[in-house]
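Let's take a walk through this fold together. Have the viewer ready and follow along.

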Amino acid sequence: SNKKNKRNIQMRTFVLAMVAAMAATSATAADLGNGLALNTEIEATYNVDASTTVATVNPEFAYTGINALTLTAGTTLTAYDNTGTTIDLTDEFDHMPTLEFGAAYAVRDDFTVEALVDYDLESETRGDLTLVATFNF
């Protein structure tokens, strides 16, 4: 049936995205020297009940050259999304990105405070500024 064929294509897309993510893991983090690194996360999610697949790529620069402070700047790109109208990575070139900024300070080994904000270059608006305190035990 057409529904079964569609589900097979979506599942195949999810499996291909997972294989790409696993193959890219060794190349997704690059130490650029002087406390600067390029970290990239690829995530694929398949919703079994809705038969939808979403794959994102999140490149992020991180700077760790100031004691216990880590500064980050990155963005999230949609590599594939079929939850409504199917879009892929080429659609990301149709608009300006939203930049995501963060500053995390490790107060102690088990306690970190972090400030996060994003800025949409397309609409020229800042997102909510959030403060996060994390205890690990």
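Here is a short tour, from the overall layout to one set of paired strands.

First, the ground rules: this is a predicted model, where local features need pLDDT of at least 70, side-chain atom pairs count only at pLDDT 80 or more, and totals for chains, interfaces and linings use all residues. Residues are numbered from 1 along each chain as its sequence is written, and side-chain values use heavy atoms, leaving out hydrogens and water.

The protein chain has one helix and ten strands, taken as DSSP runs numbered from the N terminus (helices are H or I with at least four residues, strands E with at least two). Reading from the N terminus, the order is α-β-β-β-β-β-β-β-β-β-β. Of its 137 residues, 20% count as buried, meaning under 20% relative accessible area with a 1.4 Å probe, protein chains only.

Now head for strand β8 (residues 111–120), which pairs with β7 (residues 98–108) in the antiparallel sense over ten bridges; pairing here takes at least two DSSP bridges between two strands. Thr 98 has Asp 120 of β8 as its bridge partner, and the β7–β8 hairpin has two residues between its strands.

β8 also runs antiparallel to β10 (residues 130–135), with six bridges joining them; there, Leu 116 is partnered with Thr 130. Then there's β9 (residues 125–126), antiparallel to β8 through two bridges, where Thr 125 stands opposite Asp 120. Four residues lie between β8 and β9 in their hairpin, and Glu 124 in that turn has a positive phi of about 55 degrees.

Methods
Buried means under 20% relative accessible area, exposed over 50%, partly exposed in between (1.4 Å probe, protein chains only).
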